[in-house]
Amino acid sequence: MLSTEKKEFIEFMMSADVLRFGDFITKSGRNTPYFVNTGNYKTGMQSFKLGGFYGTFITKTIGNKFDAMFGPAYKGIPLVTATAGALAREYGIDKPYFFNRKEIKDHGEGGNTVGYQPKDGDRIIIVEDVITAGTAIREIMPILKECGDIQVTDMFISVNRCEMGKIPGKTAVTEVGEEFGIQVHALITVQDIYSYLKEQETDRNLLNAMKAYMDQFCVFA
């Protein structure tokens, strides 16, 4: 039985057309019956609610034991902005945030990050949408390490797809955790999505497609 929080988040993503079902191809090149596109969040109320989901999850998971939040460009930028607002508004946790540029700015203030400038000793958390193959996190870690002697402790994502990474028997999330020493926390997993669809007595063809995909590409502890 899914928790109320997970069910509400799944239904919120579906209502925003962020969680979709059909025939898609992931960044890793796999055909998948479901897809998560946080780029489809586009209203003020959606941003308000999304920040609330992330803010609550972060608070329950690590409290205020971090110094700043990082949102990877592009989709992580509105996520970290909404989350920072929710943490301050709902929990009195007023933490700075920053994000990277896709192209380094060669004029003005320059640099490849915008917002807070991390200091040595800072504990940084990452706010992102999903991890499929771990490609994006491997691209942004060098950027974060260039910011100084910081520690990236935790990463918060919307969905853990539980997909195999480069090493057989390990998920991309597990690989990221081991490679960079980061604890990855997901609001929901692919198993939660599958359980939700079963509870809703969804079309049998979709359930079969989800099950086949999970059997082929997913790793569960």
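Predicted model: local features only at pLDDT ≥ 70, side-chain atom pairs only at ≥ 80, totals over all residues.
Ten aromatic pairs are found in the structure. In one of them, Phe 24 and Phe 35 are stacked, with 5.5 Å between the ring centres and 25° between the planes. Phe 24 belongs to strand E1 (residues 19-25) and Phe 35 to strand E2 (residues 31-36), so this pair ties together parts that are eleven residues apart in sequence. The two partners can also be described by their accessibility: Phe 24 is buried, at 16% relative accessibility, whereas Phe 35 is partly exposed, with a relative accessible area of 25%. Elsewhere, one aromatic cluster is made up of Phe 9, Phe 12, Tyr 41 and Phe 53.

The charged end of Arg 161 is placed over the ring of Tyr 34, 4.2 Å from the ring centre. Likewise, Lys 95 lies over the face of Phe 66, and here the distance to the ring centre is 5.3 Å.

A cis peptide bond, with omega near 0°, links Ala 73 to Tyr 74; Tyr 74 is in the loop between strand E3 (68-71) and helix H3 (76-91). Asp 17, a residue other than glycine, has a positive phi near 60°. Asp 17 sits in the loop between helix H1 (4-15) and E1 and is partly exposed, with a relative accessible area of 37%. Glu 201 is not a glycine either, yet its phi is positive, at about 50°. This glutamate is found in the loop between helix H6 (190-199) and helix H7 (204-217), and at 71% relative accessibility Glu 201 is exposed.

Conventions:
Residues numbered from 1 in each chain as written. Heavy atoms only, no water. Phe/Tyr/Trp six-rings, centres within 6.5 Å; stacked < 30°, edge-to-face > 60°. Helix = DSSP H or I, 4+ residues; strand = E, 2+ residues; numbered from the N terminus. Buried < 20%, exposed > 50% of the residue type's maximum accessible area, 1.4 Å probe, protein only. Lys NZ or Arg CZ within 6 Å of the ring centre and 35° of its normal.
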